[in-house]
Amino acid sequence: MFGNRITLFKLFGFAVRVDASWVVLAVLVTWSLAKGWFPFALRGSYPDSFYWLLGAAGAIGLFASIIFHELCHSLVARKYGLPISGITLFIFGGVAEMEEQPESARVEFLMAAAGPASSFVLSLMLYGAGAAIQWPAPIAAVISYLASLNALLAAFNLVPAFPLDGGRILRAALWGWKDNLRWATKIASQTGSIFSIALILWGFWAILSGNFIGGLWRVMIGMFLKRAADMSYQQVVVSRALQGEPVSRFMRADPVTVPPHITVAELVEDYAYRYHYKMFPVVDDGRLLGCISTRQLKDVPREGWGAATVASLLEKCSPDNSVAPETDAMRALAKMNQTGASRLMVVSGERLLGIIALKDMLQFLSLKMELEENSR
Ligand SMILES: [Zn+2]
C-alpha cells in the first residue's frame, strides 16, 4: 500500500513511519492555514511570515493529533495481543498497521472505539486549556484550531463506513449480534462504498462550484475509501476460507518438470505451448535444480532460442519461488501477490513435492464458498 517511507521514531515500542505522500498533506495544511484560517482568525493583524509559522505549528499539531489517535488504537490492540507493525502517516492521515484481524467482536469494538474516543477527549482538553488561561491571541488561535481539528477527526472517523472507525464499530456490532463476520463485513463495507460514492459526488459538486482543492480532496479520499471498503470484504472472505489450510492441500503432486540440458526452443515447443504453464521446475535425475519461467525467456532474443539451454537460464530455488508444504495458504497467496508469480514450487529440502497454483487455490475458494453458502 505504501511506497517510500521512513521511520521517524519509536513510541511505546511502535515504529512511527511517514510515507512520502504525507508531504502533500503537510504542505496543503500549512498553506491553507497560513493563507486562510489564521489570517481570518487573527483578522490579518500580523505579517505574512508569521502566518506561515503558525501554519507550520498547526501542521505539526495535526501530525501529533493523528499519531495520538493511532497510538490509542495500537495500545488497545496490544492489550488484546494483536500485533501492530507500526503507525504510518500518509496523504489521507494515519493508519495503525494490524498484522492480524481481531478474533472477537468485542475486541474489534474496543479497538475501533479507542481512536475517536481519544480524539474527542483530546479535543475537550484543548478547549479546556484554551479557555482556562488568557493566551496571547496567536497561541489561542492555534489551540482553538487543534481543538476543532480533533473534534473533526473524531466525527469523521465515526461515520459508519468501513474501513473508517465508525464502520469497524458497526461491523463489530453486527458481528456480535449475528455471529457472522462475513455478513457483518459485507454490510459495513457496503455502507463504506455508499459513503465514499457520496463523498466523491460531493467533491465533484464542490469543484463545479469553484472550490477546486477542497473538491479534489473529497474525490481523492472518496476513491481511497471506496477501494479500501471493497478490498476489506474480499480480504475477509479469502482469509476466512484459507485460514489454517496448508499449501500441501492444494498442491499438485507429480508436476511436469523439464531437464536442464534442453534448449529454450525445445522448452517453448514441447512444454510451454503444450502445457500452458508459465513456470516449470527444472529437475535432473530426481534432483531439483531450480525453475525456469517465461519471465527469464524474455531476456533471450528469439534467434538465440536454439542455442541457449535451460541450465544457463534457470532460477535457483529461493523463498521467492518456493514454499514448504506446511506453509499457510494465506501466506503463499500473499507471496504470489508480492512477486506476481502464479505458481510456486512446494519443496522439502532439495526435493520437489509438487506445485501450488493460484488457479487451484481460487478454485478451492469458490468451491468452499459455494458449499458454505448453501449450508447456511
Ligand atoms: Zn481511527
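Predicted model: local features only at pLDDT ≥ 70, side-chain atom pairs only at ≥ 80, totals over all residues.

Biologist: Which residues of the largest nonpolar core touch the most other members?

Modeller: In soluble globular proteins, nonpolar side chains tend to be buried together. A nonpolar core is here a set of buried Ala, Val, Leu, Ile, Met, Phe, Trp, Tyr and Cys residues joined through side-chain atoms within 4.5 Å, and buried means under 20% relative accessible area, against over 50% for exposed and partly exposed in between (1.4 Å probe, protein chains only). In this model the largest such core has 27 residues, of which Trp 22, Val 29, Phe 38, Leu 62, Leu 89 and Tyr 145 touch the most other members. At least two residues of this core come from each of strand E2 (14-19), helix H1 (22-41), helix H2 (48-79), H3 and helix H4 (137-157), these being DSSP runs numbered from the N terminus (helices H or I, at least four residues; strands E, at least two). The largest share, eight residues, is supplied by H4.

Biologist: Is Glu 108 buried or exposed?

Modeller: Glu 108 counts as buried because its relative accessibility is 1%. Glu 108 lies in helix H3 (residues 105-132) and, leaving aside neighbours within four places in sequence, is in contact with Pro 102, Arg 168, Arg 171, Ala 172 and Trp 175.

Biologist: Which protein atoms are the donors of the zinc ion?

Modeller: Donors are N, O and S atoms within 2.8 Å of the metal (3.2 Å for Na, K and Ca), and sites may look incomplete because water is not among the atoms. Here the protein donors are His 69 (NE2), His 73 (NE2), Asp 165 (OD) and Asp 165 (OD), lying 2.0 to 2.7 Å from the zinc ion. Along the chain these donors follow the spacing H-x3-H-x91-D. His 69 in helix H2 and Asp 165 in helix H5 (residues 165-178) are 96 residues apart, a pair that links distant parts of the chain.

Notes:
Residues numbered from 1 in each chain as written. Heavy atoms only, no water. Contact = heavy atoms within 4.5 Å.
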